[in-house]
Amino acid sequence: MSDPKQLIAEAEKLLKPQSGFFSFISGSSQSIRKEDATDLYIQAANSYRLKKDFNQAGNQFMKAAEVQQSLSNHNDAANHLVEAYKCYKSTSPTNAIGALSQAIHIFLTQNGQFRRAANFTMDLAELYENVGDTANAIKSYEQAGDYFTTDNAEALSNKAFLKCADLSAASNEYKKAIELYDIVIKNSLNNSLTKWSLKDYFFKSLLCVLCTEDVVETEKRMEKYSQDDPNWPETRECKLIVGLLESINNGDVEDYSDKVFDYDKFSKLDKLKTQLLLKIKTSVVENDEVDIL
């Protein structure tokens with residue numbers, strides 16, 4: 001394969017404006033020269049990729065995308081941006097986020113490709129999550145859920161909304177988390193494939209409500225969930241919530257901890273649920289000023 005630096009030099013030469021008689025006799029219009037330059041950038045990108053110089057490979061795909069944008073070839077531009085994202089992903093998350101964000105914008109505004117936009121918005125959310133940008137991760141997961149909903153992909157929208165809800169709950173954004181769990185619950189009630197997961201959605205939603213120190217709303221939701229799913233009252237999750245409400249009403253921190261411990265022996269609590277239960281213990285059970293009536 002040719003030297004990528006030489007390929008880039010040839011591409012840059014082609015992109016230099018031609019004028020006058022030279023342009024006339026060259027037999028090559030500016031648009032054709034741009035297409036040829038794009039091909040050279042892609043060749044250079046692939047050459048760098050073979051050498052595992054992913055940052056340089058991403059840079060050349062970005063140049064190819066820019067040239068195609070100037071020709072209003074939006075689909076090609078978006079595809080080159082996606083390739084740039086793939087190259088940057090392991091070496092430069094910031095550049096990966098920039099490339100993927102541009103591609104998503106094109107899919108939405110130029111091509112109307114909501115499924116591709118949704119899939120890549122999920123990838124974008126994961127990138128944000130990996131770099132610790134929780135706010136943008138939450139925003140992107142919610143956007144992905146909306147795009148999947150627009151494309152009538154309910155299972156995928158639920159997956160996105162669940163990720164958004166879990167991140168929101170972990171970030172103390174309990175009301176937002178509750179709203180998102182409600183969406184997933186509504187979508188799952190009459191779905192035989194997801195109905196088995198309802199107890200987990202109910203459980204996390206109720207824990208978030210308790211984190212807002214609203215015992216009355218928790219009790220209302222317990223009744224509603226029992227109507228939504230007749231199996232709910234028999235689950236260990238429901239029985240734990242009933243027990244926790246008793247501990248809260250009695251202000252008994254030790255009893256609260258014992259019930260959580262007993263549950264965890266048989267159904268291991270994950271990090272999020274443990275965090276929520278600890279929040280409830282410190283802000284509700286141990287707080288004598290909380291109105292539990």
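**Notebook: domains, salt bridges, a charged patch**

I started with the domain assignment, automatic or from a database, which gives domain 1 (1-14 + 29-109), domain 2 (113-171) and domain 3 (183-292). This is a predicted model, where local features need pLDDT of at least 70, side-chain atom pairs count only at pLDDT 80 or more, and totals for chains, interfaces and linings use all residues. Residues are numbered from 1 along each chain as its sequence is written, and side-chain values use heavy atoms, with hydrogens and water left out.

I looked up salt bridges next (a side-chain nitrogen of Lys or Arg within 4 Å of a carboxyl oxygen of Asp or Glu). The count comes to 16.

I checked Lys273 and Asp200, whose side chains meet in a salt bridge at 2.5 Å, N to O. Lys273 sits in helix 15 (residues 271-285) and Asp200 in helix 11 (residues 198-211), 73 residues apart; helices here are DSSP runs (H or I, at least four residues) numbered from the N terminus. Shared partners join Asp166, Asp200, Lys204, Asp270 and Lys273 into one salt-bridge network. I get 11% relative accessibility for Lys273, so Lys273 counts as buried (under 20%; exposed is over 50%, partly exposed in between, 1.4 Å probe, protein chains only). Asp200, at 25%, is partly exposed.

I then found Lys176 bridged to Glu142, closest N and O atoms 2.6 Å apart. Lys176 is in helix 10 (residues 174-188) and Glu142 in helix 8 (residues 134-150), so this pair ties together parts 34 residues apart in sequence.

Last, I noted Glu35, which lies in helix 3 and is partly exposed at 33% relative accessibility.

Definitions and conventions: Helix = DSSP H or I, 4+ residues; strand = E, 2+ residues; numbered from the N terminus.
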